[in-house]
Amino acid sequence: MNSKFHARAIALLVVLLSAGMLAGEKADKKGDKKDDKVEVKVFVTKSGTKYHVQGCKFVDKDSTAIPLADTKGKYEPCAVCKPDATVYTTKTGAKFHMKTCTHAGKDPLAMSLAEARSRDLEACKVCNPPDGK
Ligand SMILES: [Zn+2]
Ligand SMILES: [Zn+2]
């Protein structure tokens, strides 16, 4: 008797746990949708006329982060860190790639380097895309 009860209790526990996991997965997917609208920030220096991605040698502690949209007509993309360079990423990946990289997947998502960096993505170590450094 006692062991039967035990088995039922365990079965119930398993059901509850997997239901909890499913709920967690759904919550994660919602979070991903929010991330699609990340604000793209670039860096400008006090006297400069170019905008940069974080990590560029021209970005110092006096640089300010501004939305990419605010650079139009005022700033040019830096020729060293290339914030307007096109890089590719997958929907779920944490890295960005060159279009030809095998890790970029079948249907890579094109975005500017500035956007990839604003999403906290890392440069792939296999294809070495421009990473602003
Ligand atoms: Zn730069
Ligand atoms: Zn790659």
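Does Asp60 count as buried or exposed, and how many C-beta neighbours does Asp60 have inside 10 Å? The legends below describe close-up views of a predicted model, and the first of them answers this question.

**View 1. Asp60 lies in the loop between β2 and β3.** Asp60 has 10 C-beta neighbours inside 10 Å and therefore counts as exposed; the cut-off for an exposed residue is 12 or fewer. Asp60 and Lys46 are 14 residues apart in sequence, and their C-alpha atoms are 9.9 Å apart in space.

**View 2. An open sheet of 4 strands has the order β3-β1-β2-β4.** The pairing in this sheet is mixed. In general, the strands of a sheet pair through backbone hydrogen bonds, and the pairing is either parallel or antiparallel. At the edges stand β3 (residues 64-67) and β4 (residues 76-77), each of which pairs on one side only.

**View 3. Strands β1 and β3 run antiparallel to each other.** This pair is joined over 4 bridges. Val42 stands opposite Ile66, a residue of β3.

**View 4. Another open sheet, also of 4 strands, has the order β7-β5-β6-β8.** Here, too, the pairing is mixed. Strands β7 (109-112) and β8 (122-123) each have a single partner strand, so one side of each is left without a neighbour in the sheet.

**View 5. Strand β5 pairs with β6 and with β7.** Strand β5 spans residues 86-89 and strand β6 spans residues 95-97; the two are antiparallel and share 2 bridges. A hairpin of 5 residues joins β5 to β6. Strands β5 and β7 are also antiparallel, with 4 bridges between them. Which residues stand opposite Tyr88 in β6 and in β7? In β6 the residue is His97, and in β7 the residue is Ala110.

**View 6. Val53 and Phe96 touch the most other members of the largest nonpolar core.** This core holds 19 residues. Strand β1 (41-44), strand β5 and helix α2 (113-118) each supply at least two residues of the core.

**View 7. Phe96 is in contact with residues that lie beyond its neighbours within four places in sequence.** Which residues are these? They are Val87, Tyr88, Thr89, Ala116, Leu121, Ala123, Cys124 and Pro129.

Definitions and conventions:
Residues numbered from 1 in each chain as written. Chains lettered and ligands numbered in written order. Predicted model: local features only at pLDDT ≥ 70, side-chain atom pairs only at ≥ 80, totals over all residues. Pairing = 2+ DSSP bridges. Core = buried A, V, L, I, M, F, W, Y, C linked by C-beta atoms within 7 Å. Buried ≥ 20, exposed ≤ 12 C-beta atoms within 10 Å, placed from the backbone. Contact = placed C-beta atoms within 7 Å.
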